[in-house]
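Please walk me through this structure, one part after another. I have not seen it before and would like a plain explanation.

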Amino acid sequence: MKVLGIETSCDETGVAVYDTDAGLRAHALYSQIALHAEYGGVVPELASRDHVRKLLPLVRQTLAEAGLSTSDLDGVAYTAGPGLVGALLVGAGVARSMAWALDVPAVAVHHMEGHLLAPLLEDDPVRGRPEPPFVALLVSGGHTQLVHVETIGQYRLLGETLDDAAGEAFDKTAKLMGLPYPGGPQLAALAEQGNPGVFRFARPMTDRPGLDFSFSGLKTQVLLAWQNSDRADQTRADIARGFEDAVVETLAIKCERALDAAGCDTLVVAGGVGANKRLRARLEETARKRGGRVSFPRPQFCTDNGAMIAFAGALRLQAGQHEDASVKVTPRWDMASLAPVG
Ligand code: KG4
Ligand code: ZN
């Protein structure tokens, strides 16, 4: 089954074709970073308009790279939420129209389920694909969640952030130290030049039981440290390192607790912050110590992309799931309300 996947929930236009026999056939991504950079954040109306401009050319490009034509497609998958309503409507409109014209089924995909399944998208030649039950750490710009995955499609929330998401904390912290938008990856790169331990920030909410997170106080601690410093380049890098270590350590502590609570030893990590090198290394170390395993998508598929949507949609289409032809999006959507796959 060949499925076209379309992602337009925020500031990335992503398109891919996933083949249930042959795996990922092609994928393409257009990032709107340059468009939003001068505003210091995503401007929803500009995002929608740019998806309108970029989506169809990307669909053509992806099909050409896969060596397929539209008539080869067996289904279409698109992100229906959570996300920016106008941006989502562009993808949903195109996906539904294509499915209607080609007379194939279309399926609405939950963006966070896309992220969650991304570590299963490509085969691991040594260990095989991770199989449920497992714990998923979802760390993106809008979400920080620990989820117990009993079977694919059945998601029980174990903990989440009470304020800022981990990616949001990276972005806001980067901004207050004068780094350009989007700050997360820039802050992580800067932290590579920083010395550990020069600045030590709190590991929020790790001193009491529970699986929830809170990252907004960390940003204030960084602001104070930055304002009271000499603001030299090395100081900025040292603060970045202190901040990154605090976030990574906090996430790792809660992941261990979540694995204990769920009684399993397999962790999958997804979402933009999953691209963070230090987080990956720290969680690998935890897995080694526990004798368990941790799986990440390749860094490119941690951040938003069409491949994860094509893959998640293909699993649901293969199980016979799809909706009627109406163009409907769900900007706020609880993952626990999804149907199990199969
Ligand atoms: O999953 P994603 O692409 O979009 C959402 O669905 O939100 O995640 C984007 C987030 C941003 O906050 C970005 O700063 C963060 O992921 N991010 C990183 C890194 N790469 C992306 N944060 C820390 N280290 C990175 N290497
Ligand atoms: Zn995302």
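Strand E6 (residues 134–139) and strand E7 pair in the antiparallel sense, and six bridges connect them. In this predicted model, one pair that can be picked out is valine 139, which stands opposite threonine 144 in E7. The two strands E6 and E7 make up a hairpin, with four residues between them.

On to the next strand. E7 also pairs with strand E8 (residues 154–160), again in the antiparallel sense and over six bridges. Here leucine 146 has glycine 159 of E8 as its bridge partner. E7 and E8 form a hairpin too, with two residues between them. Glycine 153, in the turn of that hairpin, has a positive phi of about 100°. Strand E7 spans residues 144–151 and is mostly covered, as six of its eight residues are buried.

The ligand comes next. Which residues come nearest to ligand 1? Of the 20 residues around ligand 1, they are Gly141, Asp171, Gly272, Asn276 and Asp304. For glycine 141, a polar backbone atom is 2.8 Å from an oxygen atom of ligand 1. Aspartate 171 places a polar side-chain atom 2.5 Å from an oxygen atom of the ligand. With asparagine 276 the ligand atom is a nitrogen, and a polar side-chain atom of asparagine 276 lies 3.0 Å from it. Ligand 1 taken alone exposes 550 Å², and the protein buries 85% of that area.

The largest share, four residues, comes from H5. By residue class, the shell divides into 11 polar, six nonpolar and three charged residues.

Some loops have backbone features worth a look. A cis peptide bond joins glycine 81 and proline 82, with omega at about -15°. Proline 82 is found in the loop between strand E4 (75–81) and helix H3 (85–102). A further cis peptide bond runs from tyrosine 181 to proline 182, where omega is near -10°.

Methionine 205 has a positive phi of about 65° although it is not a glycine. This residue sits in the loop between H6 and H7. Is methionine 205 buried or exposed? Methionine 205 counts as buried because its relative accessible area is 16%, under the 20% cut-off.

The loop between helix H7 (216–227) and helix H8 (233–262) holds serine 229. The side chain of serine 229 reaches the backbone oxygen of tryptophan 226 at 2.8 Å. Serine 229 has a relative accessible area of 19% and is therefore buried. Arginine 231 lies in the loop between H7 and H8 as well. Phi of arginine 231 is near 55°, a positive value in a residue other than glycine. At 46% relative accessibility, arginine 231 counts as partly exposed, because that class lies between 20% and 50%.

Last, the annotation. An unreviewed UniProt entry places the feature "domain: Gcp-like" at residues 25–311. Over residues 25–311 the chain is 47% helix and 17% strand. The end C-alpha atoms of that stretch are 11 Å apart.

Conventions
Residues are numbered from 1 along each chain as its sequence is written. Chains are lettered from A and ligands numbered from 1 in the order in which they are written. This is a predicted model: local features need pLDDT of at least 70, side-chain atom pairs count only at pLDDT 80 or more; totals for chains, interfaces and linings use all residues. Side-chain values use heavy atoms; hydrogens and water are left out. A residue is near a molecule or strand if one of its heavy atoms lies within 4 Å of it. A polar contact is a pair of N or O atoms within 3.5 Å; within protein, one must be able to donate a hydrogen and the other to accept it, and residues adjacent in sequence count only if both atoms are side-chain atoms. Accessible areas come from the Shrake-Rupley method with a 1.4 Å probe; for residues, only the protein chains shown count as cover. Ala, Val, Leu, Ile, Met, Phe, Trp, Tyr, Cys and Pro count as nonpolar, Asp, Glu, Lys and Arg as charged, and the others, Gly among them, as polar. UniProt positions are given in the numbering used here, feature names are shortened, and annotations may be inferred rather than shown by experiment. Buried means under 20% relative accessible area, exposed over 50%, partly exposed in between (1.4 Å probe, protein chains only). Two strands pair if DSSP finds at least two bridges between them.
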